[in-house]
Amino acid sequence: MKVQHPVSFFFLLISFVLSFHSCENKGKERLIDTIGLPGNASKQKLKNIDKFNNDTKTIHVLVALCDNKYQGIVPVPEKIGNGQDPDQNLYWGAAYGVRTYFKKSKDWKFLKSEKTDSIRMERLIFQHVTKKNYYLVADAYDGQYIKDCTKDFFYSSSGQMKDVVSVNNTTIGIYGNSSLVSYVGHDGLMDFQLSESFKNTDGKTRDCIVLACYSKKFFSPLLQETKAHPLVWSSHLMAPEAYILHDALTGYLHNESGEQIRTRAALAYSKYQKCSEKAARNLLVTGW
């Protein structure tokens, strides 16, 4: 797995293999339950602020940082598996992490970075270069709060959780105010269950992209309650890296069909993972 700083080829190869299998359960070892940790979203009143510039559209990406200690994954190298260090993290600061990949993209202009709270370690805001009414907001969740990240994804998809953020004198909608919500990271639902209700509360259908292992199987029951429409999710183990999201969003911004968006995602996965297009298409699926 290529990371931001130069390392030996051997380390690259080992890291690549481990990242591909990082969503696999560790047998008898289970994820540490974060329900008792401070800031747990289930104990907070959900925000419902929905006044923003209606000419704008937002894609909100919730990233649960890869975490060897607090997540039920096959451990990756310590440097990229520290869920409290976004700068080096496999899903954020590494070469194919959301922050690094989108900052290098010619399609998105980086606007600003900010820290929101102790759970969301960094928030990035981008604006599309040509479709300037589209913004992308990406939040890096401390890896030990993967449960909060997962719940925020469902709360956003259902319209229960809504908020806004200001950038360049423009107020844009985030969470449930977004037109598309995405989750990126380990599939925590393989390790814990959520008892909250995620029923849709406003009658709106949002699009979503879920990049996590077996996400169709594990996210389906709760996602159906939200009424969201899955554009891309997975049928098996996968490496949830940013090029998949990036290329899928290209199709989304061009108003392509779910099948066309899925094809873009699969082609990106085939290219970077060096697997056949058929295998990538079997892995990355669209719709119910």
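The model is predicted, so to speak of it: local features need pLDDT of at least 70, side-chain atom pairs count only at pLDDT 80 or more, and totals for chains, interfaces and linings use all residues. Residues are numbered from 1 along each chain as its sequence is written, and side-chain values use heavy atoms, with hydrogens and water left out.

I start with strand β4, residues 134-141. Strands here are DSSP runs of E, at least two residues, and helices are runs of H or I, at least four, both numbered from the N terminus. Eight of the eight residues of β4 are buried, so the strand is largely enclosed by the rest of the structure. Buried means under 20% relative accessible area, with a 1.4 Å probe and protein chains only. Tyr 134, Leu 136, Ala 138 and Ala 140 cover one side, and Tyr 135, Val 137, Asp 139 and Tyr 141 the other.

Now the neighbours. Strands pair if DSSP finds at least two bridges between them. β1, residues 57-64, runs parallel to β4 with eight bridges, and Val 61 stands opposite Ala 138. β3, residues 120-128, is antiparallel to β4 with seven bridges; the two form a hairpin with five residues between them.

Last, the core. A nonpolar core is a set of buried Ala, Val, Leu, Ile, Met, Phe, Trp, Tyr and Cys residues joined through side-chain atoms within 4.5 Å. The largest has 48 residues, and Leu 136 and Leu 249 are among those with the most contacts inside it. Helix α5, residues 242-253, gives the most to this core, eight residues.

Technical notes:
Buried means under 20% relative accessible area, exposed over 50%, partly exposed in between (1.4 Å probe, protein chains only).
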